[in-house]
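Trainee: Could you walk me through this model before I start on my own notes?
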Amino acid sequence: MHDKTVTQLAAALDSGELSCRELTSHFLQRIEKTDDQLNSFITVTAEQALIKADAADKARARGKAGKLTGIPLALKDIFCTQGVKTSCGSKMLDNFIAPYDATVVEKLSAAGTISLGKTNMDEFAMGSSNENSHYGAVKNPWDLSAVPGGSSGGSAAAVAAGLVPAAMGTDTGGSIRQPAAFCGITGLKPTYGRVSRYGMIAYASSLDQAGPMARTAEDCAHLMNVIAGHDVRDSTSVARGVPDYTETLNAPLSGLKIGLPTEYFGDGLDPEVEKAVRDAVKVYESLGASVRDVSLPHTHYAIPAYYVIAPAEASSNLSRFDGVRFGHRCDAPADLVDLYTRSRAEGFGEEVKRRILIGTHTLSEGFFDAYYTKAQQVRRLIRQDFLDAFEDVDVLMGPASPTPAFDLGAKKDPVSMYLQDIYTIAVNLAGIPGISVPAGFAGGRPVGLQILGTHFAEAQLLNVAHQFQQATDWHLQLPAFAEENA
Amino acid sequence: MQWETVIGLEVHVQLATRSKIFSGASTAFGAEPNTQACAVDLGLPGVLPVLNEQAVAMAVQFGLAVHAEIPEVSVFDRKNYFYPDLPKGYQTSQMYHPIVGAGEVEITLDDDTTKRIRIHHAHLEEDAGKSLHEDFHGMTGIDLNRAGTPLLEIVSEPDMRSAKEAAAYLKAIHSIVTYLGISDGNMAEGSMRCDVNVSVRPKGQDAFGTRAEIKNVNSFRFVERAIAFEVERQIELIEDGGKVVQETRLFDPERDETRSMRTKEEANDYRYFPCPDLLPVVLDQAYLDHLRSQLPELPADKRARFQSELGLSAYDANVLSASRDMAEFFEEVHRVCGDAKQAANWVQGELSGALNRENLSIQHSPVSAQQLGELISRVLDDTINGKAAKQVFQALWNGQGESADAVIEAKGLKQVTDTGAIEAMIDQVIAESPAQVAQYRDSEPEKRGKMIGYFVGQVMKASRGTANPQQVNGLLKEKLDALL
């Protein structure tokens with residue numbers, strides 16, 4: 001059961017071959033049995049899940065079920081979930097029970113899906129390895145000595161290990177696509193504004209975007225049908241019609257124009273990763289696509305621009321964690337300044353503090369223009385690079401990450417960690433959608449093929465990814481860990 | 001040395017929207033602490049602001065009323081600082097691209113001359129909550145009901161040269177926002193507060209002196225007093241060889257002085273940057289035209305019209321146009337009675353006197369504009385005389401009658417103009433006052449004029465005030481002179 005896709009499980013529920021309760025219990029048991037090795041969940045909401053499963057069975061019996069009614073999934077612990085601890089991977093929010101549901105949570109719940117719990121993540125979504133969590137690192141089910149990627153590492157590892165058929169992640173600078181690549185699953189970062197950010201704890205507001213993580217592009221399409229759309233509570237969500245993402249999955253790819261950004265195949269790219277990606281591109285050629293090289297000339301400015309804009313926004317977004325109304329408060333504060341200083345010093349981890357400091361500095365008087373204003377100018381150039389490229393090609397392809405998953409503890413220097421995101425970060429700065437699909441292995445660890453499209457081209461990306469998955473079986477391969485614990 | 005005072009004001013006007021600027025919570029004043037603060041106002045993790053369109057419309061209306069440029073695009077910025085009653089750790093405001101650009105306001109001074117004060121810009125922002133330091137035994141209570149209330153901050157140029165001008169400017173702003181109905185203007189409840197920038201310089205010098213900013217002055221009177229104190233403090237300081245430092249000061253109305261809060265060096269670096277949760281506000285011409293077409297007649301226009309069309313004095317026009325309620329009341333009285341001068345006299349005289357005595361605002365006047373207009377009409381058509389009119393007014397004030405006519409009828413105050421009836425009363429008074437008649441007869445002719453007053457008084461008394469005084473005068477003179 002754990003190796004089935006959402007689509008397959010939904011069919012099994014439809015046919016009555018399986019009940020929602022059986023399905024939910026099965027995955028809860030897998031979590032119970034194996035997650036102490038992976039550490040992919042921060043909170044498991046077994047009791048609520050079983051109650052919802054029974055309700056889902058009743059709804060199905062009455063014929064009142066939606067396509068996804070009774071499908072279990074997991075939520076990154078960045079989504080506010082009413083009555084459930086929502087920690088954002090931080091000691092700061094270890095005691096925070098959200099009093100409301102994020103829009104994404106509300107929509108998934110209304111669609112009948114069942115949350116099994118909240119997944120581990122880098123604290124406040126700041127990290128590329130999931131080692132920055134207050135709740136400890138998450139292990140990669142393909143190799144327990146490797147990181148699962150981050151920041152949505154818990155969601156990626158849980159799906160890869162078959163602890164849940166799908167999960168929600170968020171992607172500010174690659175946080176869905178890179179862990180999806182590291183864990184050999186499919187992860188979509190939608191266009192900025194396609195999915196509501198309401199109730200998603202903000203890291204960098206102009207970059208954050210929620211998206212689905214699952215075994216297949218088809219599963220991601222089903223989830224996108226639920227979560228995409230305008231939300232009056234999020235002014236930055238876009239009022240634009242939402243297509244049925246499953247409808248165009250089978251459109252033929254003949255005539256598809258693929259661009260390979262030369263900057264994504266340069267120094268620092270692991271040769272085995274490169275080979276897997278180029279092999280994947282050959283599959284597309286065999287499906288009738290044409291391939292050409294394109295250039296995204298400002299690519300090398302993406303990481304510096306990101307590390308000005310994201311920390312600047314984060315320094316402000318995280319100011320509300322002051323020990324006054326919710327979250328961690330230090331013991332016996334001597335006065336107001338002591339309350340602020342100690343609560344924040346104790347509640348935040350190293351990486352979060354580093355980014356708050358960077359952001360506070362770049363926004364300060366005398367530095368603002370040199371950093372923030374300049375970075376915004378660079379951001380426009382990066383966006384223009386993509387728009388220019390999409391004049392000539394339909395989609396861009398390249399690696400999601402320069403290397404496969406690295407070992408836990410391997411990257412001690414923050415800058416070498418930041419460089420991990422070289423192929424993913426520009427996409428957030430440009431606001432375009434991107435998907436990572438399994439495309440082979442390097443050194444026994446999964447490789448992700450990243451496919452990028454222009455704004456609101458999610459349907460096309462899912463179509464392009466789905467066709468690849470019809471022609472290959474990388475996405476069907478499970479880590480030994482998943483099988484051993486079956 | 002002769003000193004010149006230079007003053008600029010930052011006026012914070014609380015906009016009268018039903019809900020907050022970025023959330024759906026109510027803005028009503030006086031609720032139990034923290035009962036009008038929703039998830040957004042509390043700054044809970046994950047919440048997002050949604051701009052209240054009514055606040056935008058109100059800000060634009062103000063801009064149009066002060067003939068300001070309204071930029072096509074305005075942007076919200078975050079002003080970052082930590083304070084317990086600032087839930088998000090930043091205030092959403094507009095630093096770089098405010099919604100209202102440069103404009104101007106006309107103020108009227110005591111000598112009825114006018115002066116134009118330039119407005120630098122006005123921007124929208126959210127209010128913070130309140131910290132309550134009493135009743136918590138060494139702790140601080142936080143009430144977030146006010147957090148997120150929309151404010152329009154109106155920043156003037158340093159165009160004012162005296163405390164009186166500053167107060168007149170504040171009154172002009174008050175009158176514009178209340179005319180527009182975009183604020184209740186209630187200073188006691190904090191609907192209007194202002195920060196005053198004050199500096200002094202030797203008369204004739206172009207360069208400005210170093211300014212001090214006096215925070216949170218919340219009444220017309222305090223503005224004048226705070227400036228008066230501050231000007232004196234700065235002049236004394238300079239004359240004693242000292243230097244004014246740029247700083248923020250607080251006005252203490254109990255001690256009538258300003259005290260230093262923080263100097264420039266201690267000032268916060270607010271790290272303004274555009275709020276990524278809100279889209280830029282884009283206003284098109286059609287929207288501005290629509291709002292312009294909805295503007296009411298504004299105080300300056302009313303004042304001018306009261307003078308040119310109604311022939312009122314500058315003083316009367318100024319007083320009667322000061323508030324929209326007052327102006328509307330006056331205009332209704334005028335519409336009913338048709339005599340602007342009489343309407344102006346009654347509204348400013350009898351009515352304002354009575355309102356002041358009972359501390360009532362004009363919209364709570366027990367005598368309606370319709371009633372007062374009819375009352376004046378009865379004076380104008382000689383149905384009653386002036387003395388009776390005051391009685392009628394008093395009766396209406398006390399609720400003893402639905403209309404002036406009803407009171408006149410019930411109290412029998414209709415003026416007696418029948419010559420025969422008046423003559424009869426005069427004859428009786430003359431007959432009952434032989435001593436006074438003799439005195440009148442024996443007086444020098446030029447002194448008789450004064451003595452006639454006694455007889456008029458007696459006749460009026462006999463008529464219970466209803467006799468037409470002019471007729472009484474004329475007839476009395478004839479009858480008395482006939483006795484000579």
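This is a predicted model: local features need pLDDT of at least 70, side-chain atom pairs count only at pLDDT 80 or more; totals for chains, interfaces and linings use all residues.

Trainee: Switching topic, which residues of α3(A) are buried?
Mentor: Helix α3 of chain A runs over residues 46-61, and its 16 residues reach 22 Å from the first C-alpha to the last, close to the 22 Å expected at 1.5 Å a residue. Its buried residues are A:Ala49, A:Lys52, A:Ala53, A:Ala56 and A:Asp57.

Trainee: Why do they end up on the same side of α3(A)?
Mentor: Because they cover an arc of only 150° around the axis, they sit on the same side of α3(A). In general, an α-helix has 3.6 residues a turn, so residues three or four places apart point the same way.

Trainee: What covers them, and what is on the face turned away?
Mentor: The cover over the buried residues of α3(A) includes α2 (20-38), β2 (72-76) and β3 (114-119) of chain A, while the face turned away from the buried side carries the exposed residues A:Glu47, A:Lys58 and A:Ala61. Just after α3(A), A:Gly63 takes a positive phi of about 75°.

Trainee: Now the chain A sheet: what order do its strands have?
Mentor: It is an open sheet of eleven strands in the order β1-β3-β2-β4-β6-β5-β10-β11-β9-β7-β8 (chain A), with mixed pairing. At the edges are β1 (41-44) and β8 (290-294) of chain A, each of which pairs on one side only, and the twist averages 30° from one strand to the next.

Trainee: How many bridges join β2(A) to β4(A)?
Mentor: Two bridges join β2(A) to β4 (residues 166-170) of chain A, and these strands run parallel; A:Ala74 stands opposite A:Ala167 in β4(A).

Trainee: Which strands does α8(A) touch?
Mentor: Helix α8 (residues 271-286) of chain A packs on the sheet against β7 (257-261), β8, β9 (395-399), β10 (434-442) and β11 (445-452) of chain A, and its direction makes about 115° with that of β10(A). Helix α15 (residues 458-471) of chain A also packs on the sheet, with a direction that makes about 20° with that of β10(A).

Trainee: And in chain B, which are the edge strands?
Mentor: There, eight strands form an open sheet of mixed pairing, in the order β5-β6-β9-β1-β10-β11-β12-β13 (chain B), with β5 (103-108) and β13 (257-263) of chain B as the edge strands. Strands β11 (residues 212-217) and β12 (residues 247-252) of chain B run parallel and are joined by four bridges, with B:Lys215 opposite B:Leu250 in β12(B).

Trainee: Last one: is B:Ala435 buried or exposed?
Mentor: B:Ala435, which lies in helix α14 (residues 434-442) of chain B, is exposed, because it has 7 other C-beta atoms within 10 Å.

Key
Residues are numbered from 1 along each chain as its sequence is written. Chains are lettered from A and ligands numbered from 1 in the order in which they are written. The expected span of a helix is 1.5 Å times one less than its number of residues. A residue is buried if 20 or more other C-beta atoms lie within 10 Å of its own, exposed if 12 or fewer, and partly exposed in between; C-beta atoms are placed from the backbone. The arc is that of the directions from the helix axis to the C-beta atoms. Two residues are in contact if their C-beta atoms, placed from the backbone, lie within 7 Å. Two strands pair if DSSP finds at least two bridges between them. Axes are lines fitted to C-alpha atoms, for helices over the stretch in contact, and angles run from 0 to 180 degrees between N-to-C directions.
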